[in-house]
Amino acid sequence: ARDPGLLPAAHAARGALANAGVWLNLAAREGQAALEAGARRFALTLGRALALALLVRHAQWSLEEEQDGRAAAAARRFAANGVDLISEADPADTAALTAD
């Protein structure tokens with residue numbers, strides 16, 4: 001993104017992807033239970049980060065080629081609804097959710 005109005009959304013997508021990678025490395029060291037407990041949040045974060053990156057790319061194109069700010073508005077709104085769903089999970093909750 002080159003448009004200043006799209007930079008926060010682009011940074012949110014990159015940040016979410018980076019945080020997901022960090023989480024994956026940490027969870028892999030903790031074991032299968034930690035991976036399983038966070039797999040949904042990880043997958044949703046990856047999907048939302050990719051969706052936002054594509055929205056930002058389209059918005060930049062639309063601003064340059066069509067002089068239309070609607071796609072940029074959509075990208076900003078999507079980013080405002082949260083992209084990074086990775087969070088610290090309570091170990092007790094993880095144990096309860098992964099118990100047989």
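Residues are numbered from 1 along each chain as its sequence is written, and side-chain values use heavy atoms, with hydrogens and water left out. Because the model is predicted, local features need pLDDT of at least 70 and side-chain atom pairs count only at pLDDT 80 or more, while totals for chains, interfaces and linings use all residues.

A pocket is defined on a 1 Å grid over the protein atoms alone, as an open set of points where a 1.4 Å probe fits, with protein on both sides within 12 Å along at least five of seven lines. Its lining residues have an atom within 4 Å of a point. The second largest pocket holds about 170 Å³ of space. Here volume is the space filled by probe spheres set on the points, and grid points are joined across faces, edges and corners. The lining includes Ala1, Ala10, Arg14, Leu46, Val56 and Arg57. Two elements give two or more residues to this lining: helix H1 (7–30) and helix H2 (32–66). Helices are DSSP runs (H or I, at least four residues), numbered from the N terminus. H2 gives the most, with 6 residues. By class, the lining has 9 nonpolar residues, no polar ones and 2 charged ones. Ala, Val, Leu, Ile, Met, Phe, Trp, Tyr, Cys and Pro count as nonpolar; Asp, Glu, Lys and Arg count as charged; the others, Gly among them, count as polar.

Valine 56, one of the lining residues, is in helix H2. Valine 56 is buried because its relative accessible area is 5%. Buried means under 20% relative accessible area, exposed means over 50%, and partly exposed lies in between (1.4 Å probe, protein chains only). Leucine 6 lies 50 residues from valine 56 in sequence, yet the two C-alpha atoms are 6.6 Å apart. Leucine 6 is in the segment before H1 and is buried, at 0% relative accessible area. From leucine 6 to leucine 24, the separation is 18 residues in sequence and 28 Å between C-alpha atoms.

Alanine 9 is in helix H1. At 4% relative accessibility, alanine 9 is also buried. Its C-alpha atom is 10 Å from that of alanine 74, which is 65 residues away along the chain.

Threonine 45 is in helix H2. With 0% relative accessibility, threonine 45 counts as buried. A polar atom of its side chain lies 2.8 Å from the backbone oxygen of arginine 41. The side chain of threonine 45 also reaches the backbone nitrogen of isoleucine 86, at 3.5 Å.

Glutamine 67 lies in the loop between H2 and helix H3 (70–80). Glutamine 67 is exposed, because its relative accessible area is 61%. Its phi is near 50°, a positive value in a residue other than glycine. Most residues other than glycine have a negative phi.

Rings were also examined. The charged end of arginine 48 sits over the ring of phenylalanine 78, 4.4 Å from its centre. For this, CZ of Arg or NZ of Lys must be within 6 Å of the ring centre and within 35 degrees of the ring normal.

Methods:
Polar contact = N/O pair within 3.5 Å; in protein donor to acceptor, adjacent residues only side chain to side chain.
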